[in-house]
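The following briefing concerns one predicted model. Please inspect the sequence and the coordinates before reading the points below.

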Amino acid sequence: MLQIRCPWCGPREENEFHYGGEAHIAYPGSDADDAAWAKFLFYRNNPVGAFAERWTHVAGCRRWFHVVRDTMTSEIRGSYLTTEKPEDAR
Amino acid sequence: MKRLPTGGTIDRTRELSFSWNGRPLRAHPGDTLASALLANSIAVIGSGVSLKRPRGVMSAGAEEAHAFAQLGEGGASEPLTRATTVEVFEGLVARGLSTKGVLEAGVDPSRPDRRTGHCDVLVIGGGPAGLLAALTAATAGARVILADQRPSLGGALLGDQDVIDGQEASAWIAAQEAALQAASEVRILRRTTAMVALDQNGMMLVERRGQPRLWQIRARQIILATGSLERPIVFQDNDRPGILLAAAVRRYLHQFALAPERTVVFTGNDDAYRTALDLVAAGQTVAAIVDPRPAPGGTLADRARAAGIRMITGSVVIGTDGDADGVLIAARVAPLAGGDAERIECDGLAVSGGFDPVLDLHHQRRGPTAWNESLATFVAADPVPGYQVAGALTGAFELAGCLRTGIEAGRAAAAAAGFPAGNTRVPDTAPIHVQPSVPIWQIPAPDEDEGRSFVDLHRDVTVAGVHRALGAGIRSAEHLKRYTLIGTGVEQGRTSKVNAGMLAARYQDGPMGTSSARPPVEPIAYSVLAGRARGAMFEPVRTTPIHPAHVAAGAVFENVGQWKRPRYYPRAGESMADAVQRECRAARRAVAMMDASTLGKIDVQGPDAAEFLERLYFNKIANLKPGRARYSAMCRLDGILFDDGVIMRLAEDRFFVTTSTSHAGPVMEWMEEWLQTEWPDLRVWLTSITEQWATIAVVGPLARTVLAAADTDLDLSASAFPFMTVRSGTVAGLAAQVARVSFSGELAFEVSVPGYRGEALWNTLMAAGMPHGITPYGLEALSVLRAEKGFLIVGQDTDASTTPVDAGLSWMMTKERDFIGKRSLRRKAMVAPGRPRLVGFLPADPAAVVLEGAQLVEDPAQAMPMTMIGHVTSSFWSTTLGRSFGLAMVKGGAERLGHTLYACTGSDSMAVTLVDPVFYDREGARRDG
């Protein structure tokens, strides 16, 4: 089980969290054309290595935040607020 | 083997009785099942898995590939344990196996524990390297956990007679243990095997105690000091009872006071010479040491010569002879250069093909390994991040090297965890001059019958099997494993993998390596993994505050997620169908009531609450006036119907949102997600209030009469309290929120009171309704009543492909503004003709209830696979309609109304006529009572 640092509650066990997929996917709005909308809905990156992803502390403070995780080693490089950038992970 | 009159660490002052294959036997505390059986002159433990040859004990530890036992009886019976790791206790019941366990029926009564641990440094292995690693880290101030799989610390030292710092090994071990225990933050876990190396320096371990304990430990640093295992040698008939690993013979001698009467040692390395020397020192006979090296020298060989032990050099064991039971009686020895074989009688053959570091946990973390030419085995090339390796894993096979690398690993781990350590002195050990060893992989069978030369002793794989695999073109270790089953036993091929790889390499002219080791290191019983989380403790059970009343009323319950909800309330002698019809009749003709407390409830507050809900739900909400309610529904981003419920506006800036029971959590999470990640500018606050309210629906033409009699201050008249409005007042003397919403089409009031008063409200309403025959109803009746009105249930009548348009909800969809999923509803596939639509149907036989899920086709006689037009989503018998009916998703939908389709279930089919999905009170005349 992973240990994840919630920016508000500190390090907690993974089963307190729910996963929210890739972070920093901008909502294109309803004017998007079919291709842009399909890309937003169905296409996600699946990199080897560092990956910025969303988590929510559902069994804790209920806050959404971001995590940079290494998909190869499951090492968590840090977490950061939804208003911040992956470089801010700590 | 025989038990010697003196020696060993067993407690000879006490005796234990145990049973083996139904035979009562005796042992001493300190005995393993294997040593106890050997002490009772039982050489044959079981038989091989496929060739059924007799098998004895071949090791003294977890690598055992022969001696398997089933422990206990009935549900508590534990299959496929290794006799070498089972400690004998009073009353132990065990029987031998053909290396195949049996799962017995019955309830497992064990109550395993689960514990979580945190430390700075976790040391796996309590041998010389692990002991000093733990002590070094602890001395530096680190919190240390030391885990060792055996009952006593010491590792390989337990089976040897080394001298460290002038002390006997046992005294030195005791001193280290005392020093560890004196340290403030050290925990020693004995009988504890590290099973799974988890992410983020986690480790899952199993502690064998009266009730086993599963540990999950997370450490800043993990030190692997798991030692090494001796390799068997592959030769003809190398599986006979009596043939043991050389170090195991030493361990049986020193720990259990067991020795063969006449032993032959077969080795290509110096270490096994200790076995011969120790046996002689204990007064036992060593018939010969057989060594392929032409002129073994060095300290130990010199001692063997001095002790007068016969040394047959430049020679190997080419085969063995057995008695009628297959038990070893002689070894046949021949010079490597060729020549006649000599038959040497013996009841013990101690073999040593070399040593392999125990790399399982290192492999689990994808740690790199390297071939060490002088040791002729794979060692850890580098520790993985967060780990240190010590002792044999580093290639340090000699005691001095183990002690030194233990200290180094302890210092490195402590420093990495933030505890700089001082210099620790490496203890003194007697210097030993060691000769280069010669690995012995395989001795060809003299009669060329390679079907009796075992490579994997557990899975009965022979050299002939490896030849077959290579002949079939197998060229990788992983394929060899799967083709031959080498390494697929419970010990994961600890003693066979390297031999198999080297054997294969010889025949394919190139290295093959070994197959990987996977978690867990040893089998873990499911009951241990489950721990206490079974039966009533498996999952939380949620009940409403009214639950005791349902139980008292004899309700049959249904699981809805974690909730227990009444399905129906049978009276004496009633079938489910009887009860459901009675409950439906009460709702349609008089009055009925239901516990609706499990519905999800979310308090949405803030100046932007209406704006927020309008973005999420696809119907209009902003124009809802305070005190009014509206049926609302939402999509996911892909335009698929997600959830529905009633939204009540309590004030300009406050909404009482209900969700379906099963979506209470997901909808709350969905709301938070959008509020926090996309619209943080909206001033909205969400609170889950599902359990804060108990809600009872009072349903039927007499609902108003009953509620009026239940001590309420509300004006319940249709004009003062119209349909789809919500009022605050008192009911049953309790502060209540009452909504006029209906999921049945009948006059209905949903009364909500603070959760803890739910049962009081239920009882008051029951009493008030008694004169009118008020009837509690469950989920079955609810489902029939709503289907008669064509009300869908998200997740039953819809699935992960159903849009609001498909579900017939386009009438409520806002045209003016954007909402979640709106863009998706314009996608080509979403507006394509022929999408399924929700319709009603009537079976041709009004008595027949079609199976839910049945496929609908135009021609039941067509060839398979049939062209499917749709499927049945809800299907019931209706006492109100006096016939069967149902709902279905059908391609084309409205265009097919009046058409006949066929519902197919297996080979049967039933004609059904498609109709409008509202079967009852299409005018809505009944909702005001």
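In chain B, five parallel-paired strands form an open sheet of 5 strands in the order 18-26-20-21-22; strands here are DSSP runs (E, at least two residues) and helices are DSSP runs (H or I, at least four residues), numbered from the N terminus. Pairing requires that DSSP find at least two bridges between two strands. The model is predicted: local features need pLDDT of at least 70 and side-chain atom pairs count only at pLDDT 80 or more, whereas totals for chains, interfaces and linings use all residues. Residues are numbered from 1 along each chain as its sequence is written, while chains are lettered from A and ligands numbered from 1 in the order in which they are written.

**The open sheet**
- Strand 18 (243-245) and strand 22 of chain B are the edge strands, each pairing on one side only.
- From one strand to the next, the twist averages 20°, with axes fitted to C-alpha atoms (for helices over the stretch in contact) and angles taken from 0 to 180 degrees between N-to-C directions.
- Strand 18 of chain B runs parallel to strand 26 (residues 348-352) of chain B and is joined to it by 3 bridges; L244(B) has A350(B) as its bridge partner.
- Helix 5 of chain B packs on the sheet, where it touches strand 20 (262-267), strand 21 and strand 26 of chain B. The direction of helix 5 makes about 165° with that of strand 21 of chain B.

**Helix 6**
- L300(B), A301(B) and A304(B) are buried in helix 6 (residues 298-306) of chain B (20 or more other C-beta atoms within 10 Å of the residue's own; exposed means 12 or fewer, partly exposed in between; C-beta atoms are placed from the backbone).
- These buried residues line one face of helix 6 of chain B, because they fall within an arc of 100° seen down its axis; the arc is that of the directions from the helix axis to the C-beta atoms.
- They pack against helix 5 (273-281), strand 21 (285-291) and strand 22 (311-313) of chain B, contact meaning C-beta atoms, placed from the backbone, within 7 Å.

**The hairpin**
- Strand 24 (residues 328-335) and strand 25 (residues 342-345) of chain B run antiparallel, joined by 4 bridges.
- A330(B) stands opposite E345(B).
- The hairpin has 6 residues between its strands, and G338(B) in the turn has a positive phi of about 105°.

**Chain B overall**
- Chain B contains 20 helices and 51 strands.
- Of its 929 residues, 52% count as buried.

Technical notes:
Two residues are in contact if their C-beta atoms, placed from the backbone, lie within 7 Å.
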